Amino acid sequence: MGLNLILRQLHMTKINLGSNSTKSEGWLNFDLTSGNGVDLVGDSRYLWFVGEDMPEAIRASHLLEHFPPCEILSILKLWHVALKPGGTLIIGVPDFDYMLREFRKEPMKFLSFWKDHERLLFVTLYGSYYPFRDDSNNLPFRHRVIFTEESLTAILTDAGFTNVQRFHPKSVAENHGFDDVMRLPLSLNVKCEKPL
Ligand SMILES: C[S@@+](CC[C@H](N)C(=O)[O-])C[C@H]1O[C@@H](n2cnc3c(N)ncnc32)[C@H](O)[C@@H]1O
């Protein structure tokens, strides 16, 4: 069954890429790895399923940092092509400025990886499992790029998006119904538009 058909049947014109198990009413969840809450399995670098029924919103919470740096501009351009004109792209990534601020307050807290590898610096910089599980199973979870508000805005602008606005969701409702990483203080969240 083609995704256009699935989208029509489910009345979903909103796609949540790299969803993991996080769900919200009205969104189609797409992830590289299958699991609870994933509606469709596939690679977000190839949105082969989007046809004439273009989505009005594409959301990627803590996905972009998992791609090689040389691919990110072309991935964003592809999402731009896939999105309906006037549609919204919503992105959340680890906030490098936040990490630096927290790190400077108490450096050893974030460098004592032999005591606790889930400490913020490792989770945001390398991905949750990277320091102790550098194997192929871990590849989808490894981080490869870091962003600041300025650099994220610049690359989104280069990809053709306009009106890039940072936002800080205070509730699940303000986070488009998702209870996911975008709600954490370490998250740099922006919304932007594909011009009409
Ligand atoms: C850190 S989790 C984020 C989960 C959720 N969006 C959140 O914010 O809580 C990253 C997710 O991206 C998925 N992922 C990694 N590379 C992907 C790709 N190329 N295409 C689709 N999903 C991918 C992983 O399988 C994982 O579920």
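Helices (H or I, at least four residues) and strands (E, at least two) are DSSP runs, numbered from the N terminus. The model is predicted: local features need pLDDT of at least 70, side-chain atom pairs count only at pLDDT 80 or more, and totals for chains, interfaces and linings use all residues. Residue numbers start from 1 along each chain, as its sequence is written.

Figure 1. Starting at the N terminus, the elements follow the order α-β-β-β-β-α-β-α-α-α-α-β-β. The chain has 196 residues, and 33% of them count as buried. A residue is buried if 20 or more other C-beta atoms lie within 10 Å of its own, exposed if 12 or fewer, and partly exposed in between; C-beta atoms are placed from the backbone. Two residues are in contact if their C-beta atoms, placed from the backbone, lie within 7 Å. Take the contacts between residues at least 6 apart in sequence: 62% of these join residues at least 24 apart.

**Figure 2. Asparagine 20 and histidine 62 are seen in their loops.** Asparagine 20 sits between β1 (14-17) and β2 (27-31). Its phi is positive, about 55°, although asparagine 20 is not a glycine. Asparagine 20 counts as buried because it has 21 C-beta neighbours inside 10 Å. Histidine 62 lies in the loop between β4 and α2. Histidine 62 is not a glycine, yet has a positive phi of about 55°. Histidine 62 has 24 C-beta neighbours inside 10 Å, so it counts as buried.

**Figure 3. Helix α2 covers residues 69-82.** The helix has 14 residues, which should span 20 Å at 1.5 Å a residue. The expected span is 1.5 Å times one less than the number of residues. The end C-alpha atoms of α2 are 21 Å apart, which agrees. Which residues of α2 are buried? They are Ile75, Leu76 and Trp79. These three cover an arc of only 100° around the axis, so they lie on the same side of α2. The arc is that of the directions from the helix axis to the C-beta atoms. An α-helix has 3.6 residues a turn, so residues three or four places apart point the same way. The buried residues of α2 pack against β4 (57-61), β5 (88-94) and α6 (149-158). Cys70, Ser74 and Val81 are exposed on the other side of α2.

**Figure 4. Strand β6 (residues 162-166) lies largely in the open.** Why is that? The number of buried residues among its five is zero. Strand β6 pairs with strand β7 (residues 187-193) in the antiparallel sense, over three bridges. Two strands pair if DSSP finds at least two bridges between them. Arginine 166 has valine 190 in β7 as its bridge partner.

**Figure 5. Valine 41 belongs to strand β3 (residues 40-41).** Valine 41 is exposed because 12 other C-beta atoms lie within 10 Å. Leaving aside neighbours within four places in sequence, valine 41 is in contact with Asp31, Leu32 and Ser34. Leucine 17 is 24 residues from valine 41 in sequence, and their C-alpha atoms are 9.9 Å apart in space.
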